[in-house]
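Take a look at it first, then read on.

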Amino acid sequence: MAKIEKRAFLCLIVSLAFVLGILFYIGELVVDGDDWATFYANQHIYHNGQLNVGAIYDRDGNLLVENTKKGPVYNEDYENRVANVHAVGDCYGNVATGAQYAFRSDLVGYNFLTGTYSISSSGRSIYLSIDSEANKEAKRALGYSDGLVGVYNYKTGEILCMVSSPGYDPKNPPSPDQAASGTYINKFMSSTITPGSIFKLVTTEAALEQKVDYDSWTYTCTGKTEINGEIVHCTAAHGYQDKDAALANSCNCAYAHLAVDLGGKTLRKYVKKAGLDSSYDVDGIQTAKGSFNFPSESNINLSWAGIGQFEDQVNPLSYMVFMGAIANGGEAAMPYLVKDIKVENAFSIHKGKAVMTDELINSNTASLLAKMMKNNVKKTYGEYNYPGLDIYAKSGTAERGDGYANTWFTGFLKDEEHPYAFIVCVEKGATGAGTAGPIANRVLQSLVSK
Amino acid sequence: MEFLNGFTSGLSDFIAQNNDIGIIYTAIARWVFVAIAVFVVVRAIRSLLITKNPSEVWAYVQIDGIENYPLTHWENLIGRHKHCDIQINDSQVSRSHGTLTRNSSGKWIFKDLNSANGSFINGKLVTEPKEVKPGDTLLVGQSKITLMPISLEEQRNNMEFRKQDTKPMSPWPSLLAITIFQLLDVIQLNIALGDEFTPWVVVAFGLLCAVMWVYVLFLKGMQRRGFEMETLAFFLTTIGLSTTASANPDAAIKLAIAAVLGIVLMVFVCIVLRNLQFMKNIRKILVIVAAGLLLANLVFGTVQYGAANWIYIGGISIQPSELVKVVFIIIGAASLDELFEMKNLTLFIAFSVICLGCLAVMGDFGTAAIFFATFVVMAFLREGDFSKLILIVSLAVAGGLLALRFKEHIAQRFGVWRHVWEDVDNLGYQQTRTMSASASGGLIGVGAGNGWLKEIFAADTDLVFGMISEEWGLIIALLAVTAIISFALFSVMSIMSGRSAYYTIAACGATTMLVVQTMLNVFGSLDILPLTGVTFPFVSNGGTSMIAAWGLLGFLKAADTRQNASIAVSLAAKKRGGRVDG
């Protein structure tokens, strides 16, 4: 018998394996439980694959969608639905970053302790930071053009406007194979696009800190220049340029030489510092990461990369945050979308709040750069085009490689009551200031007039 | 029945008219269920673990007139090896020299294990098992062993000591708690199921409740105590009845009847185990019956969902492999003497091969895995040889892989393992839904009958852990698992004072069967292991499975050596052994 006693530990090992397996399961449940619970087969919260609990409102309490047992009930206004579709999403999860899909676990009210159970089984109400009327204005301003508009409050982090085009009516989503290219992508958060001249702000930032004689630096533009035997063109012969004029005129020739002077390593460092090659977490949504390639040899590709061409790909949201940091003395609030979550549409259980980024730009450099951006508006874009706005900006026209250009307009307002950073991109536009600038103006006017 | 019908439809109408009352009832009852479940399970486990399973001293042996050894087991190995119960440092003594065994009539029998120098009782060479009486001299090597009975006074002291040590919980609070649980559960099911609710659900719960009380009252009447394991099994069966009623209201009554049959089987196993000699004698018959059942299954079996493990007899479907589980333990266990007999091991191996072979042909991979794990544990308890064990396991893994090649549905299940979310509407269908429903339940559940997983195929059998998690919540689901694991802990504890190797090997085998089966069920449905489609003992909707689970519990009860705890030891036999029961 004494022999057998010792051998019984094998029974205990089997039980131990069971216990370890159970602990593993509990671990999985804690980590992935919200994904499991919000699986479309879960009939507590889905009906025919459509979420049937929860409601989404904009910052002013305008209903964007309410999920009912009979299906989702959207805002009655067609324009409102189309303008807000990338923020809200649809009940099929076509837009992966849409609130209906991305925040489904909050809509359902899932948590580890109570699962998806609630006595009234009505789910939660999510109040987005979005101003749905501003989105409508942005959509109108974009008209039939494809592109994106994003505005956020760089002091609080609230994303106020977020429109991606082409949009669609979430009531009748086009089938994925018939939808126009880009319909189901929120370009503001999930795309990366060639930035063109708006990237010159980063090159300028690097020069302000690294180029000793930058204040007295000058360049004479003849309309083209040669870098290692290859030609860089400007839109015109800009003539005599100092640092402010080179930025205001967006002189490619000047920046081609600046980029080579600074070197690939330096530019890479500033891109990294600005957070342009990393992803932001917007209430759990991971934004796309920008990507850049700065060759280490001083060649034409390095010049183009410093001008925002070559292989530069920037994520619009991350660039907008960088604008916020310039405005705010080096750091900006992290952008967020969920302003409030309410139980029974009465008791608030979550409030969005400001969390600051790391230092994206040195504060001295930021104020110098801001001055130059103001100069851009004064000298090139025209302050009269932005009546009443204390606007700082940079335009851009990025060659797409298909004969068209993406036109950009980005910057910020220095206004205690309206500390907004913005970014606008119009695909296949004419010029940054000419095409994207007016759109930025309309949206900002609409937001500021509130 | 008509009264019941009137009552339940009256209740249903009342609830239909007062929908809010139903919702409020569920909201509150969920917490009450959890509280009761925690009370019942924690109380039983606490009692199992803190009451000692004290050794009984059956006699003393004196070696060379100097050392006194208490004999705390019925079976004792005498030899030079350090793991012997009576260890003798004498180079003339063989490593395993002989066995000294107490039979059920209280006599001590010595058997020589072909020792090099032989053994002598009162000078006579022992050639076959022979009784050793108190005062006889047993000579092994150069050492003299004298058997001494314990004195009457010592017996009384021992008894008092044991009684103080062994204070198992009183069964009444737990029974009452389970009864309240069942009552609230029936009301909850009536609310949640609405029109689907049938009076038969009430009958099923009533039957289980009645059997529970009758069983405990009857045994109490026979002055037995120690009902922890049954309490846990009654609790598990209650949960099983509820998940079955939720998914399949008409099947609840069948399951309740199966539970009653299972309890009868458990008592039967205990009573048969009182007489080990009888058990040994019927072994060969059992092997033939069991093998016949399995072969009949092969010939007449019906293929259901990939595995041909069902036969229909007169409209009743049974799973022979479930009943064979009980036989498997009987065949696999062995007393100390038998551990030294080759033919006994041969019989066990041959029977295992038949079982595994039949299950492989049927394509019942899950049950084959349960049998195999049990075989490994029992073989190890018998032989204690790790290298052999590794050899067996590697052979089985190779065989299992071969089986995978031939059985497509098994290979598919392995293929999707840990990838179920990539194939949610096909091979991962059941697992993803189980996980989703489990997460939905949170800690407290959505209320019995309120789940949706029950609409998925095999929800109340293979996926029942998901149903418990969804409708009863994670806490009760974990309590169910804890109950099964506590059986294993108890089996191992009972070994320390086991009377015969037969009981302890049987208890460890039975517990391994229950634990491994529960593991495969729970982890299979949650994609932690491949889904093999086995039942959760005492819980899953399956008559034969329910009967077998209770039958296996009989082996655990038999190993319970606490004073008066086990019906496997008749009080009369104890008296014959010279004991006075208080």
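The notes below cover a sheet, a pair of helices and the contact between chains. Please keep in mind that this is a predicted model. In chain B, six strands form an open sheet, and helices α5(B) and α7(B) cross at roughly 15 degrees. Chain A and chain B also meet, with 35 residues from chain A and 48 residues from chain B in the contact.

**The sheet in chain B**

- Follow the strands in the order β2-β1-β11-β10-β7-β8, and you will find antiparallel pairing.
- The edges belong to β2 (67-71) and β8 (124-125) of chain B; each has a single partner strand, so one side of each lacks a neighbour in the sheet.
- Further in, β1 (residues 59-63) and β11 (residues 143-148) of chain B are joined by four bridges in the antiparallel sense.

- The axes of α5 (residues 199-221) and α7 (residues 252-274) of chain B come within 8 Å, crossing at roughly 15 degrees.
- That angle makes α5(B) roughly parallel to α7(B), and their crossing is left-handed.
- On the α5(B) side the contact includes Trp200(B), Leu207(B) and Tyr215(B), while α7(B) brings residues including Ile253(B), Ala259(B) and Ile263(B).
- This helix contact has 15 nonpolar residues, with no polar and no charged ones.

**Where chain A touches chain B**

- The contact draws 35 residues from chain A and 48 residues from chain B.
- On the chain A side, α1 (2-7) and α2 (9-37) are the elements giving two or more residues.
- The largest share of that side, 15 residues, comes from α2(A).
- By class, the chain A side has 22 nonpolar, nine polar and four charged residues.

Definitions and conventions: Residues numbered from 1 in each chain as written. Chains lettered and ligands numbered in written order. Predicted model: local features only at pLDDT ≥ 70, side-chain atom pairs only at ≥ 80, totals over all residues. Pairing = 2+ DSSP bridges. Contact = placed C-beta atoms within 7 Å. Nonpolar A, V, L, I, M, F, W, Y, C, P; charged D, E, K, R; others polar. Axes fitted to C-alpha atoms, helices over the stretch in contact; angles between N-to-C directions. Parallel < 35°, antiparallel > 145°, perpendicular 65-115°, else oblique. Left-handed = near helix turned anticlockwise from the far one by under 90°.
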